Amino acid sequence: MSNQKVLFSQELLHQALLALLKEKPLNKITVRELCAKAGVNRTTFYNHYQSTEDILRELVQQYTFSLSKLFASPDHTFFSVITHVLELMERSRDQILPLMQALPGAYLSESILALPQVDLQLTQALEARGKLAYKEELRTFILAGSSKLITDWLEAPSRRPATEEAKLILDFCGKLL
């Protein structure tokens, strides 16, 4: 199968999964149903994936890869990147929200915090305050809290601006550090 056909099939499966996640939880989506929605046969699915969870992980990897490019830019502050991330999430709310709701715990936030640039910022902040020994505990707390704040913000029918949400999240994180 040509590379373009593979990418096209994967994109069809991505879009089908996102559409189905709006209707039901991930554990209720069958491969047969996903393939029917995507218009691909099951052989094509199994050529690329073992389960629907594999597609979900791939979507998160794509999202965090695009975020890593933002964090790598030298002219962006941590606040501007977080604000930009929230703005992107809000613009693609119909795709991001089902992903966040389908993912176990704070998987998306975990992926974001695992980015080298974010981990470095966290490590430096903890080191400066003499709290490096509590890095994993604080990381877990920040993950769960920020993930919940973002999910609630995205679910809200009327949302405060992304800049305010970013300030709130960073303010809470700053108080923990």
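Modeller: Let me begin with a term we will need: two residues are in contact when heavy atoms of theirs lie within 4.5 Å. In this predicted model, 63% of the contacts in the chain with a separation of 6 or more join residues 24 or more positions apart.

Colleague: Which elements does the chain contain, in what pattern?

Modeller: There are 10 helices and 0 strands, and the sequence reads α-α-α-α-α-α-α-α-α-α. The C-alpha atoms fill a box of roughly 55 × 35 × 30 Å along the principal axes, and 42% of the 177 residues count as buried.

Colleague: What makes T52 buried rather than exposed?

Modeller: Buried means under 20% relative accessible area. T52 has 6% relative accessibility, so T52 counts as buried. This residue lies in helix α4. Beyond residues up to four places away in sequence, T52 touches L17, L26, I29, V31, L34 and F45.

Colleague: F45 is on that list. Why is the pair of F45 and Y46 called edge-to-face?

Modeller: Two values decide it: a pair of aromatic rings is described by the distance of the centres and the angle of the planes. Ring centres must lie within 6.5 Å to pair, and planes over 60 degrees apart count as edge-to-face. The centres of F45 and Y46 are 5.0 Å apart and their planes stand at 90°, so this pair is edge-to-face.

Colleague: And what makes the pair of F45 and Y49 tilted?

Modeller: Here the centres are 5.7 Å apart and the angle between the planes is 40°. Stacked needs under 30 degrees and edge-to-face over 60, so 40° makes the pair of F45 and Y49 tilted. The whole structure has 2 aromatic pairs, and F45, Y46 and Y49 form one aromatic cluster.

Colleague: What is in the largest nonpolar core?

Modeller: That core has 48 residues, and those with the most contacts inside it are L17, L34, L86 and M89. Helix α4 (residues 52-72) gives the largest share, 8 residues. In soluble globular proteins, nonpolar side chains tend to be buried together. As for M89, leaving aside its neighbours within four places in sequence, the contacts are Y63, I96, M100, L108, I150 and L154.

Colleague: Which residues line the second largest pocket, and how do they divide by type?

Modeller: The lining is E11, H14, Q15, L18, L59, Q62, Y63, S92, Q95, I96 and L99, with 5 nonpolar, 5 polar and 1 charged. Helix α1 (3-21), α4 and α6 (93-102) each supply at least two residues, and α1 gives the most, with 4. The volume of this pocket is about 180 Å³.

How values were computed:
Residues are numbered from 1 along each chain as its sequence is written. This is a predicted model: local features need pLDDT of at least 70, side-chain atom pairs count only at pLDDT 80 or more; totals for chains, interfaces and linings use all residues. Side-chain values use heavy atoms; hydrogens and water are left out. A nonpolar core is a set of buried Ala, Val, Leu, Ile, Met, Phe, Trp, Tyr and Cys residues joined through side-chain atoms within 4.5 Å. Buried means under 20% relative accessible area, exposed over 50%, partly exposed in between (1.4 Å probe, protein chains only). Rings of Phe, Tyr and Trp (its six-membered ring) pair if their centres lie within 6.5 Å; planes under 30 degrees apart count as stacked, over 60 as edge-to-face and the rest as tilted. On a 1 Å grid over the protein atoms alone, a cavity is a set of points where a 1.4 Å probe fits but cannot get out, and a pocket is an open set with protein on both sides within 12 Å along at least five of seven lines; lining residues have an atom within 4 Å of a point. Grid points are joined across faces, edges and corners, and a volume is the space filled by probe spheres set on the points. Ala, Val, Leu, Ile, Met, Phe, Trp, Tyr, Cys and Pro count as nonpolar, Asp, Glu, Lys and Arg as charged, and the others, Gly among them, as polar.
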